[in-house]
Amino acid sequence: MAEPELDVAVIGAGFAGMYMLHRLRGLGFRARVFEAGSGVGGTWYWNRYPGARCDIESVQYSYQFDEALQQEWVWSERHATQPEILGYAEHVAERFDLYADIQFDTRIEGLELNAAGTGWTLETEDGACFTARFCVMATGCLSVPNWPALPGLENFAGPVLHTARWPHGAQDFTGRRVAVIGTGSSGIQTIPLVAEQADRLTVFQRTANYTIPARNAPLDPEKVRALKARYKEFRAEAKQTGPGIHAVFRPASVLEASEDEVFERFEERWRDGGLIFMGAFGDLMLTQEGNDKAAGFVRDKIRAIVDDAETAERLCPRNIIGAKRLCVDTDYYATYNRDNVQLVDLRAEPIERVGESSIRTGADDYPADVVIIATGFDAMTGALTNVDIRGRDGVRLAELWDEGPSSYLGLAMNGFPNLFTVTGPGSPSVFTNMIPTIEQHVDWIADCLVHARDHRHGRIEATGDAEQAWWAHVQEVGRVGLKATVDSWYVGANVEGKARVFLPYLGGFPEYCRKCEEVVARDYEGFAFG
């Protein structure tokens with residue numbers, strides 16, 4: 001059998017792929033990254049819609065593997081914008097000379113395991129082939145756009161823009177009638193800025209979402225200097241929290257607090273802004289009664305902000321706060337006080353058809369020159385099943401996962417030896433601060449590859465029993481509390497026909513890390529080597 005061209009092929013040049021390449025090169029592996037886009041950054045390369053920002057504070061949403069990098073990079077705002085995050089990714093690629101081993105504009109369409117089960121053949125969309133002993137899927141959790149099934153959309157005469165595939169370059173909506181379909185995180189960030197330009201903005205909302213003010217502002221240089229003086233301790237403290245985010249999470253029960261205390265704590269979190277709103281009490285996601293208090297507080301805020309009472313009620317979510325990913329915004333609710341903004345409730349009047357210059361619902365016809373699709377992603381699994389991955393006996397991963405995925409630790413799958421996934425289904429991933437979580441996964445994979453090399457193992461594979469036991473645990477933990485009681489992309493509910501299973505691991509970042517360390521300490525328990 002011919003020697004493979006690469007020791008390790010990495011698919012994707014986002015934060016996971018870049019760090020994976022850096023680790024592999026430092027360990028002496030022959031590695032190459034294949035990236036469909038023309039630059040690094042992953043989701044921050046593709047998502048260029050107006051208002052795109054990270055919902056994690058910028059001083060935390062960054063690499064920590066290199067102390068000099070931490071100290072030298074200066075973030076300008078509390079929540080960094082897409083251009084600034086992309087600039088950071090480009091800086092990292094240049095600083096560590098990563099571009100030399102990244103092949104851009106190369107979309108991998110297929111992976112096929114060789115007959116011996118010890119290597120992979122990669123095929124690009126233009127038919128070129130490469131061979132590698134190991135493959136690492138660094139394709140991201142939120143990278144495949146979810147397109148809604150809208151009859152007639154192909155006949156719309158104007159631009160149709162998806163927030164997850166936004167064109168490079170500024171888009172000018174001045175004097176135009178714009179329709180936005182979707183009010184998840186990307187829609188909530190896009191809508192206020194489009195409203196400032198558009199002659200008319202019509203927002204089509206299927207489900208109202210909870211969103212907390214971001215309270216974005218320039219960073220105080222003195223506070224940043226103080227933080228950087230103890231960055232190592234700051235990072236270590238963050239890793240001891242469930243989401244891996246440095247913040248104050250109060251364990252007290254909301255049900256045992258007085259009404260005045262409940263209001264005071266929620267008001268404090270609303271004033272501070274950001275995702276830590278749900279850290280006001282420790283049991284907001286455990287009981288309906290406790291969750292109702294948080295949800296009711298936010299609904300009262302919406303009613304106080306939005307002038308029109310009917311519009312305010314349409315914007316008030318009726319489901320559990322925190323079951324879907326909480327959004328953060330800048331002036332989202334206040335945007336509906338503008339004369340040029342209209343909210344359409346798709347529960348009351350579903351879209352029937354998109355025409356050449358309008359969107360027809362069951363109640364009216366809404367003129368539009370531009371349509372913006374803000375319906376999110378085929379999360380967690382889409383980037384994996386979109387590649388034709390064929391494992392042992394030619395089994396296709398997409399077919400195997402047709403009724404729901406399964407994975408051991410979100411790192412590997414039985415039947416697919418020498419294939420690893422970074423932050424795959426069954427890992428904490430989207431419930432955490434993603435970059436530190438990525439670093440933990442990449443470090444674990446890198447150490448595993450070194451172990452295999454040192455022991456002359458040609459094959460690494462998750463065992464079926466270990467995978468089944470872990471996946472059962474992921475589902476069991478996902479049923480604790482209220483998280484799984486709402487249709488969300490955490491359970492695949494946003495994609496028509498997708499199997500409903502709990503996709504991320506809800507047990508918390510510290511517990512997950514302990515499990516990964518335990519696996520290694522027990523001589524890679526749950527993995528078979530050959």
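Is Ser429 buried or exposed? Select it and see: this is a predicted model, and in it Ser429 has 0% relative accessibility, so it counts as buried. Its phi is a positive value, near 30 degrees, in a residue other than glycine. Most residues other than glycine have a negative phi. You'll find Ser429 in the loop between strand E18 (419-421) and H13.

Next, select helix H13, residues 434-454. After H13 comes Arg456, with a positive phi near 55 degrees.

For a contrast, jump to Asp523, in the loop between helix H15 (509-521) and strand E20 (527-529). Asp523 isn't a glycine, yet its phi is positive, about 60 degrees. With 55% relative accessibility, Asp523 counts as exposed.

Now for the sheet. Colour its five strands in the order E7-E16-E8-E9-E12: the sheet is open and the pairing is parallel. E7 (160-162) and E12 (341-345) are the edge strands, each with a single partner, so one side of each has no neighbour in the sheet. On average, neighbouring strands here are turned by 20 degrees against each other, direction ignored.

Zoom in on E7 and E16 (residues 370-373), which run parallel and are joined by three bridges. Val160 sits opposite Val371 in E16.

Last stop: helix H5 (residues 185-197), which packs on the sheet and touches E8 (177-181), E9 (200-205), E12 and E16. The direction of H5 makes about 160 degrees with that of E9.

Terms used. Residues are numbered from 1 along each chain as its sequence is written. This is a predicted model: local features need pLDDT of at least 70, side-chain atom pairs count only at pLDDT 80 or more; totals for chains, interfaces and linings use all residues. Side-chain values use heavy atoms; hydrogens and water are left out. Two strands pair if DSSP finds at least two bridges between them. Helices (H or I, at least four residues) and strands (E, at least two) are DSSP runs, numbered from the N terminus. Axes are lines fitted to C-alpha atoms, for helices over the stretch in contact, and angles run from 0 to 180 degrees between N-to-C directions. Contact means heavy atoms within 4.5 Å. The expected span of a helix is 1.5 Å times one less than its number of residues. Buried means under 20% relative accessible area, exposed over 50%, partly exposed in between (1.4 Å probe, protein chains only).
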